[in-house]
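Try each task yourself before you read its solution.

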Amino acid sequence: MSCCGKTRAQLQGSISTQKLKPAGGAPPPPAAAQSIYFRYFGKTGLTVTGPTSSVAYRFVANGAPIAVDPRDAAALARVPSLRAIR
């Protein structure tokens, strides 16, 4: 019976661990610059899960604006009591 440990070690050594760079070679803008801010105008709290990022955004009644992933912005804009802040 042979040991698979040597094969596993060889496979791990051959797998590249390089991170992918964005297209065009330019670094992505900082996360804060990419965020879109939303404010909730309701009487109670509200939690909305972004359909693309799966992030749960928790809004308190008439609370401070919350940074939202731009990929989720279109979906959150359809929520009646949420407004995008410019």
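**Exercise 1: Serine 54**

Task: Decide whether serine 54 is buried or exposed.

Solution: Serine 54 has 56% relative accessibility, so it counts as exposed. Here, buried means under 20% relative accessible area, exposed over 50%, and partly exposed in between (1.4 Å probe, protein chains only). Next, find its place: serine 54 sits in the loop between strand S2 (46–49) and S3. Strands (E, at least two residues) and helices (H or I, at least four) are DSSP runs, numbered from the N terminus. Last, check the backbone: phi of serine 54 is near 65°, a positive value in a residue other than glycine. Most residues other than glycine have a negative phi.

A word on the ground rules: this is a predicted model, where local features need pLDDT of at least 70, side-chain atom pairs count only at pLDDT 80 or more, and totals for chains, interfaces and linings use all residues. Residues are numbered from 1 along each chain as its sequence is written, and side-chain values use heavy atoms, leaving out hydrogens and water.

**Exercise 2: Asparagine 62**

Task: Work out where asparagine 62 lies.

Solution: Look in the loop between S3 and S4. Asparagine 62 has a positive phi of about 45° although it isn't a glycine. Its relative accessibility is 54%, so asparagine 62 is exposed.

**Exercise 3: A ring pair**

Task: Which parts of the chain does the pair of tyrosine 40 and phenylalanine 59 link?

Solution: Start with the count, which is 1 aromatic pair. Rings of Phe, Tyr and Trp (its six-membered ring) pair if their centres lie within 6.5 Å; planes under 30 degrees apart are stacked, over 60 edge-to-face, and the rest tilted. Tyrosine 40 and phenylalanine 59 are 6.4 Å apart centre to centre with 45° between the planes, a tilted pair. Now the parts: tyrosine 40 belongs to strand S1 (residues 36–40) and phenylalanine 59 to strand S3 (residues 56–59), 19 residues apart. Tyrosine 40 counts as buried because its relative accessibility is 8%, and phenylalanine 59 is buried too, at 1%.

**Exercise 4: Aspartate 72**

Task: What polar contact does the side chain of aspartate 72 make?

Solution: Then find its partner: the side chain of tyrosine 57, at 2.9 Å. A polar contact is a pair of N or O atoms within 3.5 Å; within protein, one must be able to donate a hydrogen and the other to accept it, and residues adjacent in sequence count only if both atoms are side-chain atoms.
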